[in-house]
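Please read the following points beside the displayed model.

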Amino acid sequence: MASTETAFAVKSLDALTPAVQAELDALVLQSGWNQTPQDWAAFAREGTICVVRDAQGRIIASGAVLPHGAKVAWISMILVAPDLRGQGLGRAVFTHCLGLLQAAGRTAYLDATPDGERLYRQFGFAPVDRLTRWQREAVPEVVPAGRSAVSHDAQALAALDAQALGAPRHALLADFLARPDTTCVRGTQGFAIVRRGRLAHQIGPLLALDQPSAAELLGRAVSGLAGRVFIDVPDERVQLGQALRVAGFTPQRGFIRMVLGEQPLRGQNHFIHAIAGPEFG
């Protein structure tokens, strides 16, 4: 029997219209993910959104490719309508996204769930790091202490981020910092960005010279946050994990950072104490 995957027409979006935006937001809602309309807009502006539509033209599956500089790109937002899962739609979208970045000469990275790791290994992806999403439930609102408005030195923050990651993503950081509900906590040894998601505030990236400095930034970042909070931390940051537990966080789920082929990122990873999110790298 022939694979049903050949029947799926995966196409890149030409424009993020209000109708398209609503359908993509619906996929996020149905999947219980944290992304917002602003996140989709960032993908459309800085990368490529790929979709599959049904016979009525409704978007039933999505994926995204987000370049970071000329050498690498992240694949993410592989979402399928719940009633259509298990038919190969996700694999079809992922294959299309992979083809786009390979045609552009970029190396593919992604942050996979444990279930997704099995699929991506079939394509030759290998793990390079393991992370845990930590979650703190909502707490009573208090007067913020130590959190600041977004700073005006976005270029300096983006330069530090590029040094840590090993690839530039200045436009993405500028997008985060320009959002009206974003705050940026600065320290002498780094910074943490806090932005609002659909389900929870997301802390990340959090860059610091060492784990004590990261823990200090974490404390200031969560101060005054009444809602649920997510933060995605490399598993080797054991001291920061202890600080997260003290701050009321618990592990929610794991992620595996994976790459296809030789790893071109040569950043100063010891500065990274929380990533921007599995969708952004």
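1. Two strands are taken to pair if DSSP finds at least two bridges between them; helices (H or I, at least four residues) and strands (E, at least two) are DSSP runs, numbered from the N terminus. The model is a predicted one, in which local features need pLDDT of at least 70 and side-chain atom pairs count only at pLDDT 80 or more, whereas totals for chains, interfaces and linings use all residues. Residues are numbered from 1 along each chain as its sequence is written, and side-chain values use heavy atoms, with hydrogens and water left out.

2. Strand β6 (residues 125-136) has two partners that deserve a look. With β11 (250-260), β6 pairs in the antiparallel sense over 10 bridges, and within that pairing Ala126 has Val259 of β11 as its bridge partner. With strand β10 (residues 229-234), β6 is joined by 6 bridges, and these strands also run antiparallel; here Arg136 is bridged to Val229 of β10.

3. Strand β7 (residues 183-187) and strand β8 (residues 190-196) form an antiparallel pair with 5 bridges. The two are connected as a hairpin through 2 residues, and Gly187 stands opposite Gly190 in β8.

4. Grid points are joined across faces, edges and corners, and a volume is the space filled by probe spheres set on the points. In the class counts, Ala, Val, Leu, Ile, Met, Phe, Trp, Tyr, Cys and Pro are nonpolar, Asp, Glu, Lys and Arg are charged, and the others, Gly among them, are polar.

5. Which residues lie nearest the centre of the largest pocket? Of the 38 residues in its lining, they are Trp33, Ile78, Thr113, Gly116 and Tyr120. The volume of the largest pocket is about 920 Å³, and its lining divides into 17 nonpolar, 13 polar and 8 charged residues. At least two lining residues each come from β4 (72-80), α3 (89-103), β5 (107-112), α4 (114-122) and β11 (250-260), and β4 gives the largest share, with 6 residues.

6. The second largest pocket has a volume of about 200 Å³ and a lining of 14 residues, of which Asp129, Arg257, Gln263, Asn269 and Ile272 lie nearest its centre. Strand β6 supplies the largest share of this lining, 3 residues, and the class counts are 8 nonpolar, 2 polar and 4 charged.

7. The structure holds 1 cavity of 30 Å³ or more, and the largest cavity contains about 50 Å³ of space. Its lining is made up of Asn34, Gln35, Thr36, Asp39, Arg195, Arg196, Gly197, Gln202 and Glu279, and by class this lining has no nonpolar, 5 polar and 4 charged residues.

8. Most residues other than glycine have a negative phi, and most peptide bonds are trans. Met77, which has its place in strand β4, has a positive phi near 60°. The peptide bond from Gly204 to Pro205 is cis, with omega near 0°, and Pro205 lies in strand β9 (residues 201-208).

9. For helix packing, axes are lines fitted to C-alpha atoms, for helices over the stretch in contact, and angles run from 0 to 180 degrees between N-to-C directions. Angles under 35 degrees count as roughly parallel, over 145 as roughly antiparallel, 65 to 115 as roughly perpendicular and the rest as oblique. A crossing is left-handed if the near helix is turned anticlockwise from the far one by less than a right angle, and right-handed if clockwise.

10. The axes of helix α2 (residues 37-46) and helix α6 (residues 170-178) come within 11 Å and cross at roughly 155°, which means that α2 is roughly antiparallel to α6; α2 passes α6 in a right-handed crossing. Helix α7 (residues 211-222) and helix α8 (residues 238-246) pack at about 25° with their axes 9 Å apart, and α7 and α8 are therefore roughly parallel, in a crossing that is right-handed.

Key. 1 Å grid on protein atoms, 1.4 Å probe; cavity = no way out; pocket = protein on both sides within 12 Å on 5 of 7 lines; lining within 4 Å.
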